[in-house]
Amino acid sequence: MDLMSLTALELGRKIKEGETTAVEAVEAAFAQIGKVDQTLNCYVTTDKDAALKDAEKIQKKIEAGELTGPLAGVPVAIKDNLCTEGMNTTCSSRILHNFKPTYTAEAVLNLKKAGAVILGKTNMDEFAMGSTTETSFYGPTKNPWNTEHVPGGSSGGSCAAVAAEECSYALGSDTGGSIRQPSSFCGVTGMKPTYGTVSRYGLIAYGSSLDQIGPVAKDVSDCAAILEAIASYDPKDSTSIRRKSYDFTSALTEDVKGLRIGIPRDYFGEGLNPEVKEHILEAAKTLEEKGAVLEEFDLSLVEYAIPAYYIIASAEASSNLARFDGVKYGYRAEQYEGLHNMYKKSRSEGFGPEVKRRIMLGSFVLSSGYYDAYYIKALKAKALIKQAFDRAFSKYDLILAPAAPTTAPRCGESLSDPIQMYLGDIYTVSVNLAGLPGMTVPCGRDKKGLPIGMQLISDCFQEHKIIRAAYTFEKTRTYERCPLVQTPDQKGAIKE
Amino acid sequence: MSIQYETVIGLEVHVELATKTKIFCGCSTAFGGAPNTHTCPVCTGMPGSLPVLNRQVVEYAAAVGLATNCTINQHCKFDRKNYFYPDNPQNYQISQLYEPICRNGYIEIDTASGTKKIGIHEIHMEEDAGKLIHDEWEDCSLVDFNRSGVPLIEIVSEPDMRNAEEVIAYLDKLRLIIQYLGASDCKLQEGSMRADVNLSVRPAGSDVLGTRTEMKNLNSFKAIARAIEGERERQIELLSMGRTVTQETRRWDDNKEASYAMRSKEDAQDYRYFPEPDLVPVVISDEWLASIKARQPELRTQKLIRYKKEFDIPDYDANIITSAKRMADIFEATTAICGKPKKVSNWLMVETMRLMKEHEMEADELTFSPENLAKLIQLTDEGTINSSVAKEVFTKIFLENTDPEQYVEEQGLKTVSDEGALKEVIRKVITDHPQSVADYRSGKEKALGFLVGQTMKAMKGKADPQAVNQILKGELA
């Protein structure tokens, strides 16, 4: 039995039914990690011994009937910006290369309560700043579909690990598309919930008002079950929202009859790769065939999303990342003279270029004299973008869009032109600015064989609509495994 | 002819609030714990930690605002003030800039020249920083985060004060209000109240403000008065020499009675304030505000009016007793037990004041219970002990909160009222001091005093001096 090819729920069921055990699942995951991770570099940290010990304990609890949830005993990979007590949490940055948190993030604690076994921490763009997982201090992650291409980012490690079957599912975080875009590039399903649904306590902040933790998995059912496990009202997070219901799995129904889906014309114009466009519109048609009502509309203000996003996210980041100063934890320069020199050298040596760029950008837009012209203006744009979505959702249940304008770019192509890279976030950042939920579902591949994802967006707290439509769509296709994992002999085809 | 200058002063007063826990986490605010023992991921700025606002901080801040006639901003927000310093674990302080909780208030102060309104520009909530300890021996600095996250309010006055007397009166009034509210103990020496003085001078009659300086490190009212005088003179001297005052922050050295510049406006930091994204706006509903209002304790002005109505004590006494909340509390509680306001007031005005002075204590350090003071008053009223014994017993009560009944019993301090025993002692005194007896009989009244004294001494003070006097007179007649 190939345990790693199963979805999280399938594996959970088999463990529950005694066909396999949590320990066997961990062994299988590490066998796969051993096989492919040197090539892919999905993980920054793994801890097999700890995982096996956890698996043993959890297995006993499952057998004793103390753990009955659908994810009990299923191995998970955690993005490396989520604090895990006693296990390195680096944000893929040199400045946190040796940081072991004293506590575990609330979302991870929720997973542990559900019986998850943590395999390790996944690679990411440094402090989640990037769209390619190439800005990591620990080297880039490769796309399992074609290792000459990036997996997307910033949750590239999590998405690639799911696609390459190095874990059963993973947690990512999404500030401007960091779950949805790499899910699209890696051919997996990923979801960013409504802001406030999953506690941010223990998520090392990038843009606090935009960050949200979410699931990355092989299919919609897994995503719904994972979201159900990680979502909670957390009094430790002031922005956490007490939702009326935390039931997401009951939305797993094959029924989109009468569901009104809006297709924003502004998202299908210039800049969208024709192949991507074709597949997305085809997916829309499939939903229409299933009974959904499609309509094109003008979302408007789309051109303001990227500047507003980069101003707000960078402003918050410049302040959030101030605590990394070499005083209390993490990297400190070896040679320095006095306090200010220590700050300067530790931060200069500890942060990579993309992080520095955003800290400088953020510091600039908050400076006196520029605050009103940039930051305040960006907040106004954010409010208007939210209003544009409000108008759209007064007419539609869902918005259907691409997750990214292209399929995964080749390694090294994006970082040379940051503006171009930022523009690639065009379809995802608005969702964060408006606090909305969004999900990426695989909907095909381009001629090169690289995956394409469709994005479904709903109004706040309407995840069940997304799940319903995504589930219905998913049922019309079969899950495509990446060539890397299909047969062992194909491993030779992977290029370093 | 030299120009006459007017001094213009505004104050920024930081007050540490008396909450049990910190402003954004559940750690204790207790003073004096071992370094870094009252800490958690939040107040040490650990990655991923998030602040959660302590409701009590809002209530105290609003209470101070209400008591100082401020408008309460029922939709206030927190902002981040960004600056790097090792005592500040996140390298930003969570404070309020754009939407502080209180605005546009005032308090009235009384000075020799009458009553004056001092405007309060705003009151905002913020977190305190940790403490740096410089280890000269090891040549390194250590950080203690116990104080990090202790709640503060900053009370910013309008530049309405003109001299040190007004400044002290303002601070005194503010301190009293806050102590009455129980929002802080406001101890300058211990840093639970800190005042920064913004001062400028201008030619008398001008209504244009001069360039101001900000003076820090003022640890007592006396230091504040000296610093104001010193800074006023320094600025006037500069101006009369045709030079200008530089806008800067200065540190007062009270030992040297001089200040020196810490940083000037040119190298002033840009704090890059922006709304704190980890906290939601603080919405103070009408109901919440009403409940804070309903719980406002009686302040001094109201107390004085009530004392006049309820208790038969002189205005002078009432003024002194209400000058500290602790004193007023003791007065009211003791009076409630014994029903003798004038006697309670006497004990507070005379003996309590004397002992406080002797032991260099503040009113809020008083530890004796109203019950014991009431018992003492009872014992003297009944004649169980005489007034000099009562003073001795009160000293015990004052220092150790001793139960006077028990103490009088144990020490055998009851007044001897047995006339027979007293007569016996008096007769012995007469026999032992024939010269004094002769002197008295020959008309020297003073000699009687000596004989009374000798009798009291023989009785170890436990006699009623009046009775002794009478019996002696009878025996000598």
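A residue is called buried here if 20 or more other C-beta atoms lie within 10 Å of its own, exposed if 12 or fewer do, and partly exposed in between, with C-beta atoms placed from the backbone. Helices (H or I, at least four residues) and strands (E, at least two) are DSSP runs, numbered from the N terminus. The structure is a predicted model, in which local features need pLDDT of at least 70, side-chain atom pairs count only at pLDDT 80 or more, and totals for chains, interfaces and linings use all residues. Residues are numbered from 1 along each chain as its sequence is written, while chains are lettered from A and ligands numbered from 1 in the order in which they are written.

The pLDDT, which is the predictor's confidence in each residue on a scale from 0 to 100, averages 96 in chain A, where 98% of the residues score at least 70. Residues 489–496 of chain A stay under 50, and the model has 9 contacts beyond four places in sequence for this stretch. Two residues are in contact if their C-beta atoms, placed from the backbone, lie within 7 Å. Where pLDDT is low, the predicted coordinates should not be read in detail.

In chain A, helix H4 (residues 106–113) is mostly covered, with 6 of its 8 residues buried. These are A:Glu106, A:Ala107, A:Val108, A:Leu109, A:Asn110 and A:Leu111. Their cover includes strands S2 (75–79), S4 (169–174) and S6 (212–217) together with helix H7 (220–230) of chain A. After H4(A) comes A:Gly115, which has a positive phi near 90°.

Strand S9 (residues 398–402) of chain A has 5 of its 5 residues buried, so it is largely enclosed by the rest of the structure. Strands pair if DSSP finds at least two bridges between them. S9(A) pairs in the parallel sense with strand S7 (residues 260–264) of chain A over 2 bridges, and is joined by 5 bridges to strand S11 (residues 451–458) of chain A, running antiparallel. A:Leu398 takes part in both pairings, as the bridge partner of A:Ile261 and opposite A:Ser458 in S11(A).

Turning to chain B, an open antiparallel sheet of 3 strands has the order S5-S4-S15. Its edge strands, S5 (92–95) and S15 (274–275), each pair on one side only. Strand S4 (residues 79–82) meets S15(B) over 2 bridges, and B:Arg80 has B:Phe274 as its bridge partner.

Finally, the two chains meet where 25 residues of chain B are in contact with 32 residues of chain A. The chain B side has 15 nonpolar, 6 polar and 4 charged residues. Ala, Val, Leu, Ile, Met, Phe, Trp, Tyr, Cys and Pro count as nonpolar, Asp, Glu, Lys and Arg as charged, and the others, Gly among them, as polar.
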